[in-house]
Amino acid sequence: MAQHAFSLSGKLALVTGGGTGIGLGISRALIQAGAKVVITGRREAILQEAVEELGEHSSYLVFDITNTSAIPQVLAEINEKYGSIDILVNNAGIHLKKFSKDTTDEEFAGILQTNLLSVFSLTRECARKMMEQKEGSIIFIGSMAGIFGIDRVAAYGTSKAALTGLMNNLVTEYSPYNVRVNTIAPGWIESPMFLNAINSDPARKEKIINRIAMPGFGTTEDIGNAAVFLSSKAARYVTGVVLPVDGGAVVNF
Ligand code: NDP
């Protein structure tokens, strides 16, 4: 019974940025739970490699999410080839590590475009169909930087905090149609991007390790499992939640 509630059999998921790191971990977990997954990103070679690993229940589409005017066409293509989307994971994101005094308006706007505005555009277009279907799960990927202040990530942290505001408001509009919106706030997760960044900054690495209550960094599988739960029937009454998957970092002193 409990196992059945977590099954994603027969569901179609769209995972943006699903070719690498956390998005790849989420795609693996969704497929293991029975879903079919379409992944997107800008680099075709990376997507091809990911689909080879993910297997027959995966497909890819090259798509830059900042190209928002193309979203309806991309969704129409997915609909036609694979069916209607039940699960949207807005995972694609970019990072900027700079003191705010050195961050230009263009850089700040660029982070907001990818991490917030494009997420809104894609969510709006997917949600329209989901509301017609009277079922859907939408997941945002937040961050510790969207929950508390961290130096040198003002633009990134703002984009992630804003996702919570967007989620809260969408919940008020989507819930009557049984479309749920939740956010996973990953702690520090071993993705290639993260390990590159952290290994070049030993002081920050030590600060982070001291912040996490549990030993070690998280894995992309940890985030994938949270995505399975939030997408499944097991979470049918869960919406508007920010779920930290962080080894206790949010509450640890
Ligand atoms: P990656 O850099 O591996 O993943 C980012 C993915 O997003 C890539 O696959 C990239 O593909 C895709 N992407 C970026 N920009 C675009 C775009 N314009 N259009 C389409 N795809 C795009 O890093 P992570 O796996 O670590 O990050 C994934 C998410 O998790 C991000 O939202 C990040 O903010 C969040 N996160 C990560 C944490 C960590 O510890 N690793 C902690 C907290 C949050 P391509 O470049 O080919 O387009």
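Biologist: Which residues of α2 and α9 meet?

Modeller: Gly-21, Ile-22, Gly-25, Ile-26, Arg-28, Ala-29 and Leu-30 in α2 meet Thr-220, Ile-223, Gly-224, Asn-225, Ala-227, Val-228 and Ser-231 in α9. Contact here is heavy atoms within 4.5 Å, and the elements are DSSP runs numbered from the N terminus (helices H or I, at least four residues; strands E, at least two). Keep in mind that this is a predicted model: local features need pLDDT of at least 70, side-chain atom pairs count only at pLDDT 80 or more, and totals for chains, interfaces and linings use all residues. Residues are numbered from 1 along each chain as its sequence is written, and side-chain values use heavy atoms, leaving out hydrogens and water.

Biologist: At what angle do α2 and α9 pack?

Modeller: Two packed helices are described by the angle between their axes and the distance between the axes. For α2 (residues 21–32) and α9, that's about 50 degrees, with the axes 7 Å apart. So α2 is oblique to α9 (under 35 degrees is roughly parallel, over 145 roughly antiparallel, 65 to 115 roughly perpendicular, the rest oblique). Axes are lines fitted to C-alpha atoms, for helices over the stretch in contact, and angles run from 0 to 180 degrees between N-to-C directions.

Biologist: In what order do the strands form the sheet?

Modeller: Strands of a sheet pair through backbone hydrogen bonds, either parallel or antiparallel. Here seven strands make an open, parallel sheet ordered β3-β2-β1-β4-β5-β6-β7, where pairing takes at least two DSSP bridges. β3 (58–62) and β7 (242–245) are at the edges with a single partner strand each, so one side of each has no neighbour in the sheet. On average, neighbouring strands are turned by 20 degrees against each other, direction ignored.

Biologist: Which strands does α5 touch as it packs on the sheet?

Modeller: α5 touches β1, β4, β5 (136–141) and β6 (179–186), and its direction makes about 175 degrees with that of β4. Helix α9 (residues 220–231) packs on the sheet too, touching β4, β5, β6 and β7, at about 165 degrees to the direction of β6.

Biologist: Is Asn-91 buried or exposed?

Modeller: Asn-91 has 13% relative accessibility, so it counts as buried (buried is under 20% relative accessible area, exposed over 50%, partly exposed in between; 1.4 Å probe, protein chains only). Asn-91 sits in the loop between β4 (87–90) and α5 (105–133). Beyond its neighbours within four places in sequence, Asn-91 contacts residues including Val-15, Ile-22, Ile-26 and Ile-141.
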